[in-house]
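Here are my notes for you, one point at a time.

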Amino acid sequence: MTDKIRAKARELLESGQVSCFIGYEEGTRGRVRPAFVYDPQDADRLIWDERCTHNLAVYLHQFQRPPRRGEEPPRVGILLKPCDSRSLNVLFQEEQIERERVYVVGLTCQGVKVNGQPEERCLRCSERVPLVYDLVLGSVPKVVGREDYADVVRLEGLPPGERLAFWMKEFDRCIRCYACRQACPACYCFECVAEQLDPQWMGIAIDVPQKQFFHVMRAYHLAGRCSGCNACEDACPMGIPLSLLNRKIAREVETMFGYKAGQDAVTVPPLATFKKEEALPL
Amino acid sequence: MTTDFEPQIIGFLCRWCSYPGADLAGTSRITYPPFMRVIRVPCSGRVDPLFVLKAFQDGADGVMVLGCHPGDCHYLEGNYHARRRYALMHRLLEYVGVDKDRLLVDWVSAAEGRHFAEVTTEFTAQVRELGPWGGKRIDG
């Protein structure tokens with residue numbers, strides 16, 4: 001796989017089809033980090049294995065604008081796992097980047113691992129082939145998981161007071177580093193509500209109400225847009241279970257509107273449209 | 001629960017239906033609990049769910065969002081959008097531990113002064129029952 005990726009990246013860069021190829025490279029302390037390859041000779045830095053957890057779609061925002069005024073915006077090649085391809089669909093849907101400007105090298109995926117342990121989301125994942133790609137590498141794995149929202153349901157079953165206590169404890173750990181937001185491909189606002197000063201939505205204190213506001217706000221902003229790549233939770237230095245929040249909303253959106261984020265690039269997202277006759281629990 | 005607890009309620013009232021509805025309740029001399037602070041908004045679709053979050057963060061005990069009946073929106077579709085947003089918001093707030101009875105989304109037309117008073121009375125009683133929500137008081 002790695003050889004094929006290197007060869008393809010080299011070919012794309014040499015032919016000038018893309019000016020940058022985004023992939024993974026060997027990092028420090030046995031970890032993998034995102035790599036930005038501009039020179040065909042550097043294509044040999046690229047690797048692919050089960051440690052490649054990052055969602056590279058987040059870096060596409062950096063290629064939205066041309067390097068100099070009046071020039072064409074750059075074309076990029078990118079390596080995407082099935083979960084990351086859903087994020088890319090969301091970006092297409094929201095017109096953040098044009099399809100022609102991205103060359104997607106899709107990868108079939110058996111699931112990725114953090115510290116040698118398979119990620120929970122991968123055990124639940126039923127998509128092993130990217131939804132959008134120009135070229136797909138690898139064979140299709142047979143094993144697929146099933147999403148059952150068991151942990152969300154368990155939390156829903158708790159009495160309200162206990163649930164509040166649970167979330168307060170989790171949110172209390174937040175250090176407001178915003179790593180979750182930075183890692184999220186769907187969080188691309190130039191000015192985030194969390195940092196806006198006029199109006200100041202969120203106080204600057206590092207206190208539970210502010211943290212709670214931030215996380216609920218972020219979860220809500222991702223309603224119908226979060227495709228479950230779990231980059232936020234992976235990025236969180238404090239281990240806050242953000243997926244519990246995001247998957248809850250994803251589940252509600254699915255039951256209420258029959259919509260799953262990132263499945264295609266053309267469906268109008270549920271909160272951007274409405275039906276005149278619909279029974280919604282208010 | 002202390003008996004002298006008076007809930008602080010923020011009401012986002014749509015300029016075309018619910019605000020005149022509240023007005024009608026007043027001019028008709030219908031009494032309703034005085035604990036609601038009214039914020040007039042152009043449309044229930046204008047009420048960003050962040051307003052509700054912000055209200056709770058700043059110590060409101062309950063939040064009401066009142067708009068025109070579906071189909072009667074002055075801007076044709078504002079309340080349809082609000083309906084979808086708040087259906088989700090309700091579930092999310094409930095999930096993070098805010099009792100869902102603290103947020104009310106309802107439709108009150110300009111002719112429904114009595115309905116406005118009923119909704120407000122009922123909601124105030126409901127929030128009083130739940131007791132104070134944590135956070136600082138708005139008027140200190």
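This is a predicted model: local features need pLDDT of at least 70, side-chain atom pairs count only at pLDDT 80 or more; totals for chains, interfaces and linings use all residues.

1. Start with helix α1 of chain A and pick out its buried residues: Ile5(A), Arg6(A), Lys8(A), Ala9(A), Leu12(A) and Leu13(A). "Buried" is a count: 20 or more other C-beta atoms within 10 Å of a residue's own, while exposed is 12 or fewer and partly exposed lies in between, with C-beta atoms placed from the backbone.

2. Residues are numbered from 1 along each chain as its sequence is written, and chains are lettered from A and ligands numbered from 1 in the order in which they are written.

3. Back to α1(A), residues 2-14. Its 13 residues reach 18 Å from first C-alpha to last, close to the 18 Å expected at 1.5 Å a residue (the expected span is 1.5 Å times one less than the number of residues). Helices (H or I, at least four residues) and strands (E, at least two) are DSSP runs, numbered from the N terminus. Just after α1(A), look for Gly16(A), with a positive phi of about 75°.

4. What do the buried residues of α1(A) pack against? Their partners are β1 (20-26), β2 (32-37), β3 (46-47), β4, β5 and β8 of chain A. Contact here puts the C-beta atoms of two residues, placed from the backbone, within 7 Å.

5. Now find β5(A), residues 102-107, where 5 of 6 residues are buried. Strand β4(A), residues 76-80, runs parallel to β5(A), joined by 5 bridges; strands pair if DSSP finds at least two bridges between them. Ile78(A) is opposite Val104(A) of β5(A). From β4(A) the chain passes through helix α2(A), residues 82-93, to β5(A), a right-handed β-α-β crossover (clockwise from the first strand over the helix to the second, with the strands pointing away from the viewer). β5(A) also pairs in the parallel sense with β8(A), residues 135-137, over 3 bridges, and Leu107(A) has Leu137(A) as its bridge partner there.

6. Trp167(A), Glu170(A) and Phe171(A) are buried in α5(A). They span an arc of only 95° around the axis, which puts them on the same side of α5(A). Facing away from that buried side are the exposed Gly161(A), Glu162(A) and Lys169(A). The cover over the buried residues of α5(A) includes α7(A), residues 208-221.

7. Over to chain B, with its open sheet of 4 parallel-paired strands in the order β2-β1-β3-β4.

8. Helix α2(B), residues 49-57, lies across β1, β3 and β4 of chain B, at about 155° to β3(B). Helix α3(B), residues 78-95, lies across β3 and β4 of chain B, at about 160° to β3(B). Such angles run from 0 to 180 degrees between N-to-C directions, with axes as lines fitted to C-alpha atoms, for helices over the stretch in contact.

How values were computed:
The arc is that of the directions from the helix axis to the C-beta atoms.
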